Amino acid sequence: MDIKTYAPLARFIDHLLDAICIVDREGRFIFVSAACERIFGYTPKEMIGKAMLEMVVPEDRAITLQAANEIMSGHPKLDFENRYIRKDGQVVHIMWSARWSEADRLRIAVARDVTGRKQAESMQAALYAISEAAHNAEDLPSLFQLIHQIVGKLLSATNFSVAMYDESNDQLSFPYYTGDCGEASELQQTAVGTLCAEVIRTRQPLLLGPESLATFPEELRAIKDSNVVCWLVVPLNSHKGTIGALILKGHSDGARYTKKDKELLQFVATQVATAIERKQLHARLTHMAQYDSLTGLPNRGLLYDRLKMALARTRREQGQMAVLYLDLNNFKQVNDSLGHAAGDELLQKVANRLKQCMRDMDTVARMGGDEFVVLLENIQLPEHASNMAKKIRSAISQPIKIEGCSLCILPSIGIALYPDHGDEAQQLLRHADEAMYFEKKNSDNRFAKGAYNGVRTKSAS
């Protein structure tokens, strides 16, 4: 096709509000109408010879290339939508109608700017999606990933980070980051940490670009990165205060954010803050339901769940496992002599010693009072369970300093083996419990009592 042949027609085309584009097989513009400058910011002369895909938002390039291949295969597109980066860095939403001219070996397309409509639709969809994400996400990391996807549908979010602020410890962390943001441990030492600190201090969003740099404090003006042209940081504000921030970073070859983008992301961030707090509350409630508040160990309910899962795995693998049931001899005397606060401290220190004895795959749980259960998976020989019992007994029997006293206390430990002593959770727990009481009743406990009698002796320290 000789474009010059259609020069008279081109003059009429230039009056159209929608843009007319003709692209060759390699994806380069060979003709654009005057409306392209209004939509894309480039003059027709600047667009001729330019690769179409280079102007597409990075997140949309794959679907754009797929659509182009389908069009060239003879399948016209009537309402294909994607996003482009204007010359000034702003992102525009385009709806295309396009088809392939086999005779001319060219794609002929009409582009309509639907940015306003898409932003309104996207806002509604984003609010719904954030609410759904807060409900469906298993944990905070998965919630952050969903939030990244939601923000990416509103703005260019190739370089996206979430910062969380712990006010009680005045500590900033970066639980989610993607793109070229670097490692989380490095973020606090870079421009990101400085920008987040300013946003959290002021509770106000921050749009930092070359044109606005002079209006900011000196410490922010000193932030320079030759490859970064724009920072957009918005606070995660809630009724409790600022709990963190969302960070977007624009590069010289990508999007540049605008004041409208700042307002948009801040509105979204308010909903995101609510979603994060909901997930944090859910995590706390779940933890409270599954873990002992005094020792931090799994409680009885979580132990039963893990024991049932361990039994299912062991049956499939035709392996062996063991359950150890233990309590602390003469623990009541600690409460009676030193008080319940000392007894609680003793339980906490015993729990810590038990955890130090365990492998990563093992579970130690508090059943209540001074009773604990240890679940040992994937043991090779019965002796491994008895060796663990010896290791636990040795660890617990070491002197424990509480309130200026050196306290020694011994555990009684019962062992149940799968499959020797049962193939169900209750059977194994019952056998281990009975074995523990048998040991307590029949073992020589004089050393434990004698050791405890020294509880009021001041430690050498």
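In this predicted model, the largest pocket has a volume of about 320 Å³. Its lining is made by 14 residues, and those closest to the pocket centre are Met-164, Tyr-165, Asp-166, Ile-243 and Gln-280. Four elements each supply at least two residues of this lining: strand E6 (160-166), strand E7 (171-177), strand E10 (241-251) and helix H10. Of the elements that line the largest pocket, H10 gives the most, with four residues.

Helix H10 spans residues 259-290 and also holds Met-288.

Rolling a probe the size of a water molecule over the atoms shows where empty space is left. Two cavities of 30 Å³ or more are found in a search of the whole structure, and the largest cavity holds about 150 Å³ of space. Thirteen residues line this largest cavity, with Met-52, Ile-71, Trp-96, Ala-98 and Arg-107 lying nearest its centre. Helix H4 (61-72), strands E3 and E4, and strand E5 (106-113) each contribute at least two residues to the cavity lining. H4 provides the largest share of that lining, four residues.

Eight of its nine residues are buried, so E11 is largely enclosed by the rest of the structure. E11 has pairing partners in two strands, E13 and E16. With strand E13 (residues 371-379), E11 runs antiparallel and is joined by seven bridges; within this pairing, Ala-322 has Leu-376 of E13 as its bridge partner. With strand E16 (residues 411-418), E11 pairs over eight bridges, again in the antiparallel sense. Here the bridge partner of Leu-328 is Pro-411 in E16.

Charged contacts form the next part of the picture. Side chains of opposite charge can pair when their charged atoms come close. Across the whole structure, 19 salt bridges are found. One of them joins Glu-46 and Lys-87, whose closest N and O atoms are 2.7 Å apart. This pair links distant parts of the chain, 41 residues apart: Glu-46 belongs to helix H3 (residues 44-47), while Lys-87 sits in the loop between strand E3 (77-85) and strand E4 (91-101). Glu-46 counts as partly exposed at 36% relative accessibility, and Lys-87 likewise counts as partly exposed at 43%.

The partner of Glu-81 is Arg-117, and their closest N and O atoms are 3.2 Å apart.

Because Glu-439 lies in helix H15 (residues 425-442) and Arg-393 in helix H14 (residues 382-397), the pair ties together parts that are 46 residues apart in sequence. Both residues fall in the partly exposed class: Glu-439 has a relative accessibility of 22%, and Arg-393 one of 26%. Returning to Glu-81 and Arg-117, these two residues join Lys-118 and Glu-121 in one network of salt bridges that share partners.

Finally, Ser-142 is found in helix H6 (residues 140-152). With a relative accessibility of 21%, Ser-142 counts as partly exposed, since buried residues have under 20%. The C-alpha atom of Ser-142 is separated by 9.6 Å from that of Tyr-176, although the two residues are 34 residues apart along the chain.

Conventions. Residues are numbered from 1 along each chain as its sequence is written. This is a predicted model: local features need pLDDT of at least 70, side-chain atom pairs count only at pLDDT 80 or more; totals for chains, interfaces and linings use all residues. Side-chain values use heavy atoms; hydrogens and water are left out. Buried means under 20% relative accessible area, exposed over 50%, partly exposed in between (1.4 Å probe, protein chains only). Two strands pair if DSSP finds at least two bridges between them. On a 1 Å grid over the protein atoms alone, a cavity is a set of points where a 1.4 Å probe fits but cannot get out, and a pocket is an open set with protein on both sides within 12 Å along at least five of seven lines; lining residues have an atom within 4 Å of a point. Grid points are joined across faces, edges and corners, and a volume is the space filled by probe spheres set on the points. A salt bridge is a side-chain nitrogen of Lys or Arg within 4 Å of a carboxyl oxygen of Asp or Glu.
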